[in-house]
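Keep the 3D view open as you read.

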Amino acid sequence: MNRTTLSLIAAATALAAVTGFAVVSAPDGGTTEAAADVRTPGRMPVERSSLLCPAPSASDLAETVYTTFTPAGKGDADAKAGSAELVPTDATLAAPDEGGKDKKKDKADKDAVKPDARKPVLALKEPGKPVTAEANTAEAPALVGSAEGRLAPGWAAQQTTKVTAGQGRGVLGVSCTAPDTNFWFPGASTADERQDYVHLTNPDDTAAVADIELYGKDGAIESDSGEGITVPARSSVPVLLSTLSADSAENVSVHVTTRTGRVGAVVQAVDEEAGSDWLAASAEAAGTAVLPGIPADATSVRLVVFAPGDDDADLKVRLAGPTGSITPAGHETLHVKAGMTTAVDLKDVTKGEAGSLLLSPAAQGRPTPVVAALRVVRGEGAAQEVAYIPATGQVGERATVADNRAKGSVLSLTAPGAAAEVKVTASAGSGGGEPVVRTYKIKAGTTLAVNKPPVPTGLKGSYALTVEPQSGGPVHASRALELPEDGIPMFTVQTMPDDRGMVSVPEAEQDLSVLDD
């Protein structure tokens with residue numbers, strides 16, 4: 001009689017690090033779920049992460065900086081060697097014309113770079129030190145990539161583009177995102193003065209098929225060409241929203257889903273008067289929302305909210321400032337009809353003090369899930385600049401944002417409930433410098449704007465900021481990067497949700513022993 005011992009702990013750990021779920025196969029062909037002897041879930045680092053970055057800009061004046069980074073972890077010395085690379089997609093396709101057909105750039109099908117010959121734009125070698133690259137061309141492609149081993153937990157990438165003049169002027173910043181099948185973008189537009197594109201990027205070796213739905217103030221906007229959009233394997237497709245419908249709408253909520261495959265999705269919003277920036281997806285629909293990091297000098301703030309379910313939402317609106325939370329005058333509550341986009345102009349709501357917007361149910365009872373985003377403008381007249389702040393999840397265990405400069409970064413930390421304390425680490429610089437750590441306390445119901453976040457000692461190049469809650473209630477965060485140009489207060493804001501560098505792993509009570517005759 002042979003005795004085979006299978007350790008549920010080892011099996012669950014290995015599988016859950018990749019999938020979040022583990023099944024152990026016994027020699028007789030049966031299966032034993034690791035959850036059978038679960039007590040309290042443990043936490044361990046993920047072993048693989050994926051990121052996608054959209055094609056930066058079609059402007060000949062575009063100057064793009066890519067930055068990639070993985071925070072240093074306690075188990076780095078014991079973790080297996082890793083890799084983290086971002087490579088160009090095989091092709092970036094032109095936006096569909098009114099007939100819905102795709103035009104390919106430079107014979108992309110014939111000339112696409114083969115996957116095994118593709119040279120990485122960014123290749124990270126070690127945790128704790130960012131790597132940067134530049135692309136000063138209108139032909140810069142979308143990027144796809146993955147990280148493995150010790151470089152996977154918390155892997156982040158930032159794409160920052162500066163366009164100094166012409167259409168699309170501004171600073172366009174975006175944190176590269178993981179592929180998914182469902183995205184919401186409140187705050188987009190199909191108005192004549194806007195040119196908004198949703199960029200769909202497919203990281204996989206098979207084609208993905210996506211649908212794009214538009215919702216205005218009166219509900220769904222009829223579209224003949226938003227269904228069944230094919231995104232070829234390892235390619236990117238920008239779709240001009242105004243071509244999807246004959247109706248013009250100032251405030252639109254965009255819903256991107258996939259029928260097959262998965263994509264990365266982000267909206268490039270171009271305003272004739274106020275410049276341009278990326279609009280990232282809102283956090284998953286929920287009964288409450290936090291939109292952190294409205295600049296102190298904001299001259300115009302517009303809140304856009306959408307209720308994707310069957311029920312209307314009645315929301316309480318609060319502004320969390322440096323000393324507490326207040327209700328914006330005239331906007332104590334907001335009624336959002338189901339399936340309709342609601343927009344409210346809050347004007348210069350911060351009144352010279354940086355803050356964050358908090359949405360919660362106006363009355364006790366069952367909360368109605370909503371998605372939300374802010375359109376924020378700094379400056380006036382010809383010197384306006386726009387950025388977008390979507391609702392974001394809490395920092396959780398850890399969150400990181402890359403591409404911080406010696407000057408110009410502003411870190412916003414919001415504690416919507418109980419007071420909290422966080423640790424903020426400034427990484428080593430991409431060209432040199434030593435990490436610096438600071439701790440900050442955030443009072444309950446307030447926003448702490450750190451106008452001078454920590455900077456690495458002897459900084460050369462750019463660096464990453466990592467936020468880790470130490471005690472207290474939930475914390476939401478964002479980073480504003482200010483890069484003024486010729487009197488225009490150019491800026492961009494990136495939210496900082498949990499980096500999903502850890503997964504829950506079932507803890508087994510004992511080994512599973514199987515007897516073979």
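Before we start, a word on strands: here they are DSSP runs of E with at least two residues, numbered from the N terminus. Keep in mind too that this is a predicted model.

**Two residues with positive phi**

Let's begin in a loop. Lys351 is found between β28 (341-347) and β29 (355-361). Its phi is positive, about 50°, although Lys351 is not a glycine. Arg234 is another case: its phi is near 50°, again a positive value in a residue other than glycine. You'll find Arg234 in the loop between β18 (229-231) and β19 (235-240).

Are these two buried or exposed? Buried means under 20% relative accessible area and exposed means over 50%. Arg234 has 15%, so it is buried, whereas Lys351 has 63% and is therefore exposed. The table puts them beside two residues we'll visit later on.

| Residue | Relative accessible area | Class |
|---|---|---|
| Arg234 | 15% | buried |
| Lys351 | 63% | exposed |
| Ser360 | 14% | buried |
| Pro416 | 23% | partly exposed |

**The disulfide**

How many disulfides does a search of the whole structure find? The search turns up one. It joins Cys53 to Cys176, with 2.0 Å from S to S. The torsion about that S-S bond is about 110°, so the disulfide is right-handed. Cys53 lies in strand β5 (residues 48-53), while Cys176 is in the loop between β13 (170-175) and β14 (182-188), so the pair ties together parts that are 123 residues apart in sequence. Both Cys53 and Cys176 are buried.

**A strand with two partners**

Now look at β7 (residues 83-88). It runs antiparallel to strand β11 (residues 143-148), and six bridges join the two. Ala84 is a handy landmark here: it stands opposite Ala147 in β11 and opposite Leu124 in β9.

To find the pairing on screen, look for Val305, which stands opposite Ala372 in β30.

Ser360 lies in strand β29, and with a relative accessible area of 14% Ser360 is buried. Leaving aside residues up to four places away in sequence, Ser360 touches Gly287, Thr288, Asp314, Leu315 and Lys316.

Pro416 is found in the loop between β33 (409-415) and β34 (420-426). At 23% relative accessible area, Pro416 is partly exposed. What does Pro416 touch, not counting residues up to four places away in sequence? Its contacts are Val290, Arg318, Leu358, Gly445, Pro474 and His476. One of these, Pro474, is 58 residues from Pro416 along the chain, yet their C-alpha atoms are separated by 7.2 Å.

Conventions:
Residues numbered from 1 in each chain as written. Predicted model: local features only at pLDDT ≥ 70, side-chain atom pairs only at ≥ 80, totals over all residues. Heavy atoms only, no water. Pairing = 2+ DSSP bridges. Helix = DSSP H or I, 4+ residues; strand = E, 2+ residues; numbered from the N terminus. Buried < 20%, exposed > 50% of the residue type's maximum accessible area, 1.4 Å probe, protein only. Disulfide = S-S within 2.5 Å. Contact = heavy atoms within 4.5 Å.
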